[in-house]
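Thanks for making time this morning.

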Amino acid sequence: MVDLRITLWWAVVGGLLLLAPVGAVGQVSNSFDPGWYDPGAPHLQIGVTTDGVYRVPAGALEGALPDGTTLADISPGTIRLLENGEEVPIQVEGAADGTFDPSDTITFVGHRNRGTDELWAYDGDAAAQSSAYRSLYSDTTHYWMTWGGKEGRRYAEVSPGASPTTTALRDTARIERDETYYFGRPSSTGNPLYTESEGYYWRQFRHNDTSPRSATYTLPVGRRADTGASLDLRLRVDGASSSCHRVEVEGRLRQPGGSRAFESIATVEWKNLARRTIEASVAQDRIPDEGLELRLTSYNDGFSGDLNCPDRRAPPTSCCSTGRRRRTRGRSRPERTTMRSASCPPRPMPRPWP
Ligand SMILES: [Ca+2]
């Protein structure tokens, strides 16, 4: 049986982009440093669950201030905003008069919480993390606003005429859904919380015969440069059985007459429990305006000879697979092992996968 997990893909395209890049503020750390917190200073919590630019009117903060504190007690120049223990730049509109008025605003770039600082759950092994796109625990990033100390970090103003006009930037589009849970490698031991590749995946492809399994997904990259510049595509797949795996990626591309047709973009094959990242490039002027439709097909035959895989088109041999469950030390979840032997009873029909 071939068992594949599809977790995510993303593409980098060149195209028009209206947002200026901001510095990455999410930090990867295996050790928690509480030094950012001043117990003698006031702190006000602002939760963010979606990436975006946020503007908070001072009047909206009035009800959240510590007892006995009013907006008039806050010197706007000392307002600081902390994310994951580090100060991030903000813009305070209305600060020039030195008073924090209800109509003044604080603007900052907010990021939802991701799994980028959760490598500790995988013993610090980034290759074992199925995806850092979402946190295992919470989508909420708690920003802490404080004031009353040193001057806060602010965005600098730049002259629009100081740099040449930018007409195109590289952008990244990513699609990922977390719809099936994979318990990771059945033989993994010793990891405190998560095993290699454990986590959520978009889809599982299972084979019990040689019929290919396909699924299509649309990458929203219609907004791209109409040139031969490349769209760089990355797709992550994970083999969840010890057999052979072959995956083909096709893209529905513009044809000379204006029609669209699927063309093979990349094929990867491998053996055993292992992850593969498929990388390929497509000329952007071949991508339809409605986006790039990708067709993934998983095959259970036709492997190249050097993989030393069984030819599944040959008559089947008499064998069976038996799943049994065991518990690992300190873990509450079951894992599955597979045993094979010759001359077994007929194999039960596998449970259909939606
Ligand atoms: Ca003011």
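Among contacts between residues at least 6 apart in sequence, 74% join residues that are at least 24 apart, where a contact means that the two C-beta atoms, placed from the backbone, lie within 7 Å. Residues are numbered from 1 along each chain as its sequence is written.

How far does the predictor's confidence carry? The pLDDT, which is that confidence for each residue on a scale from 0 to 100, averages 80 over the protein, and 77% of the residues score at least 70. Over residues 7-29, however, the pLDDT is below 50, although this stretch has 68 contacts in the model beyond near neighbours in sequence. Residues 316-354 also stay under 50, and there the model has 34 contacts beyond four places in sequence. Where pLDDT is low, the predicted coordinates should not be read in detail.

As for secondary structure, the protein has 0 helices and 20 strands, taken as DSSP runs numbered from the N terminus, with helices being H or I of at least four residues and strands being E of at least two. Of the 354 residues, 21% are buried, and by that I mean that 20 or more other C-beta atoms lie within 10 Å of the residue's own, with exposed meaning 12 or fewer and partly exposed anything in between, the C-beta atoms again being placed from the backbone.

Let me turn to the interior. A nonpolar core here is a set of buried Ala, Val, Leu, Ile, Met, Phe, Trp, Tyr and Cys residues joined through C-beta atoms within 7 Å, and the largest one has 14 residues, with I79, L81, I90, V92, I106 and F108 having the most contacts inside it. Strand 7 (105-110) and strand 8 (141-146) are the elements that give two or more residues to this core, and the largest share, 3 residues, comes from strand 7. Leaving aside residues up to four places away in sequence, I79 touches I74, V92, I106, M145, W147 and G152. A second, separate core of 12 residues includes L233, L235, V247 and I287.

Which strands make up the open sheet of 4 strands, and in what order? The order is 13-18-15-16, with antiparallel pairing, two strands being paired if DSSP finds at least two bridges between them. Strand 13 (213-219) and strand 16 each have a single partner strand and stand at the edges, so one side of each is left without a neighbour in the sheet. Strand 13 pairs with strand 18 (residues 292-299) over 7 bridges in the antiparallel sense, and L219 stands opposite L292 in strand 18.

Finally, some loop residues. G258 lies in the loop between strand 15 (244-254) and strand 16 (260-271), and G258 is exposed, with 7 other C-beta atoms within 10 Å. G258 and P288 are 30 residues apart in sequence, and 9.5 Å apart in space from C-alpha to C-alpha. D123, in the loop between strand 7 and strand 8, has a positive phi of about 60° although it is not a glycine; D123 counts as partly exposed because it has 14 C-beta neighbours inside 10 Å.

Methods: Predicted model: local features only at pLDDT ≥ 70, side-chain atom pairs only at ≥ 80, totals over all residues. pLDDT = per-residue confidence, 0-100.
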